[in-house]
Structure formats: C-alpha cells, structure tokens
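Okay, thanks for coming, everyone. Let's have the model up on the screen, and then I'll walk you through a few spots.

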Amino acid sequence: MKEKKSIAFALFFGISFCIVYLMLAARPLSDEYQFIPKWKLETSAQSLTGVPHDSDMLYFKLGQTLGYFTTDGKLASIETFPFKASISQHYYASYSADSSSVVFFTPDGNAAGTINESGFPFFDDSRIFVFLPGGSSFVQCTATGERAWTYEGTATITAFNSSAGGCVAGFSDGTVRAFSSDGMLTQEFSPGGSDYPVILGAAISSDGTMIATVSGQNQQRFVLTKKDSFQSKAVFHEFTTQRDVHQRLVQFSKDDSLVWYNFAGGLGIVHTQSGKHAKLALSGQAILLQETDDLVFVLTKDNATYTVFVIEKFCTLLGSFSFDATTAFIRTDGDNLFVGKDATISHIEISKN
C-alpha cells in the first residue's frame, strides 16, 4: 500500500513539476529572417525603360558604367565612362585626369551645374567635394558647383568622410582634421601610438561631434573621439594584432549609436555611448557596409571573390554568401538588399517571421 502511495505521489509530483516548468520556462521561438529573391536586372542600354522622374531610384556603379534603377526592377538610366566617375543619390559626373571643369547632372539627366576646378570630384549624398591636384588639398562646392570653401595642406590625404555635420580628413603624417559644413576647423588631433602613424580610415558622426579612425603601422590602432564644449578626447581606443597597408572602412550607424571599423581579418563594433565592443572574424577586405533597422550587411573582397556577411545588431553573425565577380556593390533600402555583380543587379527582400 505504501509503495502504491509512493508511486502515485511521484507521478503527481512529476506531472506538477512539468506543468510549472512549462509555464515558467516556456519562451516564444526567436524570429527568423527569410531572404527572398525578387528580381534580377541586366545593366545594359537594352534594358532601359521609361521611368517617371519621381520614382524611388537608387544609384549604381559597376566597372565603367553607372546609372540609376528603381526599387521595382527597372533601369532608369545608364552611362559608360572612359576614366573616372562619381555618383550619389543626388548627382553624377564623369571626368578625365586633366579635366579643368566638370558638368554634373541630377538623376534625371539634367545638368545641375559646372565645377570649375581641376581635380577629382566626389559626391557624397548632396555634398560636393573636389580633391585638388597634389593630393593634399580639397574644396567643398555649392549645389551649382561654385567653390564654397577650401582646405590647403601639405600632407597627402589618405582618408576622408563627410556627413550632415561636416567632414573629416586623415593625412599621411598621422593628423586628423574635422571641418564644419561651412569650412571652420572644429577638431584637430593625432591618434598616435604607432611607428608609422598614417591615417588609413576615418568617419564623422552625423552631428559632427564624434570622429573614428584606424591608423598606423607597427601598431595599428582604432580610436573613437568625442568633442564637448571644450576639447576632443578619446573615449575608446584599441590596438589590433593584425596590420596591413590597405585603406580601412570606418563607418557610423545612421543613428550614431554604433561605429564599425575594419581591420585585417575582421570587423570591430563599438557602442558609442556605453563603450561596449566586439569583434567578428571576416574574410577579405571590407569595402562597403549597409544597414537596415535590424541587420548589417558587409561586402568584402578577396582577390576575385566577394562575400556578403549578414550581421544582426549588435554583433551576431548570422551567415554569409560569396560570388566571383570583377566588380560588385551592395545597397539597402528599407527591408530590401540589392546586390550588384558585374552587369547585373539582384533584389533580395528581407522578412522576419
């Protein structure tokens, strides 16, 4: 009798424990991302279609061609260029090595203005810069191409980035200079810490208060600085064990909460407010980084092989895919990823279930 009671009690206890455990420990399954191929576009003149000027268009540059395409898979414009070209969401232009003036255009093909400067034009969103002959000076231009302000230096510019808050230039002598949108010098410092202090990558936050750099050889160093009312000070720095002479990708997130930096063999991530940081191993040299609300896509190049790494913010590597190409790019728009490869552009829709 006692044995039957013991068995009944054990059975009752076991069932009760399972019920309580399921109630307390059960958690919904985490959402999974699905990558759905939507369309593939050939970037050739034969693919041109009539597209309204107010269509949602994105720019591309593949080899010696550039143009704009719509998010629903239509080629809005395409041009070939023999030497160099620059393109953004707002402007594009092609130019030669000895150009003394360059006409630039809006996405609909209408002339926006003329840059009467010798050098190499660079469009970053709606901002227009020209890097002058000699490699140590640059100009920022107005929306019509006129000179707004000029920086003239002696050391070679080795890194450059701009945002709505201004621009930052890194130099071969290891110095970093940041400027406001009207050309005022706002920050100047040298990250230091290396035998050869050249600046290999630099980025400026959207409000112009933070600057991130990768610099040096023998040791290579990442530094994040913040400017308050009085001075600029380093709030995070780290030496990387690997080093090489390539230029390095450095980029702030859209909301400035994160900054990413590439080093030989990986990607560093730093939370700009808390200082929390992590590293991910990536193959190849990072050349482009794009983000959605939840994901980050990094395009790397290793000889003829390109790899797209998919990272869930903050620092979870979800996966990757690779392909061989001569030239490639990635771009995001909402929950959509666009991958350019030689003469094609593919659209991948991202859903979360």
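Before we start, one term: I'll call a residue buried under 20% relative accessible area, exposed over 50%, and partly exposed in between, using a 1.4 Å probe and protein chains only. This is a predicted model, where local features need pLDDT of at least 70, side-chain atom pairs count only at pLDDT 80 or more, and totals for chains, interfaces and linings use all residues. Residues are numbered from 1 along each chain as its sequence is written, and side-chain values use heavy atoms, with hydrogens and water left out.

So how confident is the predictor? pLDDT is its confidence in each residue, from 0 to 100. The protein chain averages 90, and 90% of the residues score at least 70. Over residues 7–29, though, the pLDDT is below 50, and that stretch has one contact (heavy atoms within 4.5 Å) beyond near neighbours in sequence. Where pLDDT is low, the predicted coordinates should not be read in detail.

Now the aromatics. Rings of Phe, Tyr and Trp (its six-membered ring) pair if their centres lie within 6.5 Å; planes under 30 degrees apart are stacked, over 60 edge-to-face, and the rest tilted. By that rule we get 28 aromatic pairs. Take F60 and F69: the centres are 6.4 Å apart and the planes at 50°, so that pair is tilted. Both F60 and F69 are buried.

Y261 and F263 make a tilted pair too, with 6.1 Å centre to centre and 45° between the planes. Y261 counts as buried because its relative accessibility is 1%, and F263 is buried with a relative accessible area of 6%. What sits over the ring of F263? The charged end of K279, 5.0 Å from the ring's centre. For that, NZ of Lys or CZ of Arg has to be within 6 Å of the ring centre and within 35 degrees of the ring normal.

There's also a ring cluster, with F171 and F179 among its members. Over the ring of F171 sits the charged end of R177, 5.1 Å from the centre.

Two strands pair if DSSP finds at least two bridges between them. Strands β14 (166–171) and β15 (176–179) pair in the antiparallel sense over four bridges, and R177 in β15 is the bridge partner of A169. Both strands belong to an open four-stranded sheet, in the order β13-β14-β15-β16, with antiparallel pairing. Its edge strands are β13 (157–163) and β16 (185–189).

Technical notes. pLDDT is the predictor's confidence in each residue, from 0 to 100. Helices (H or I, at least four residues) and strands (E, at least two) are DSSP runs, numbered from the N terminus.
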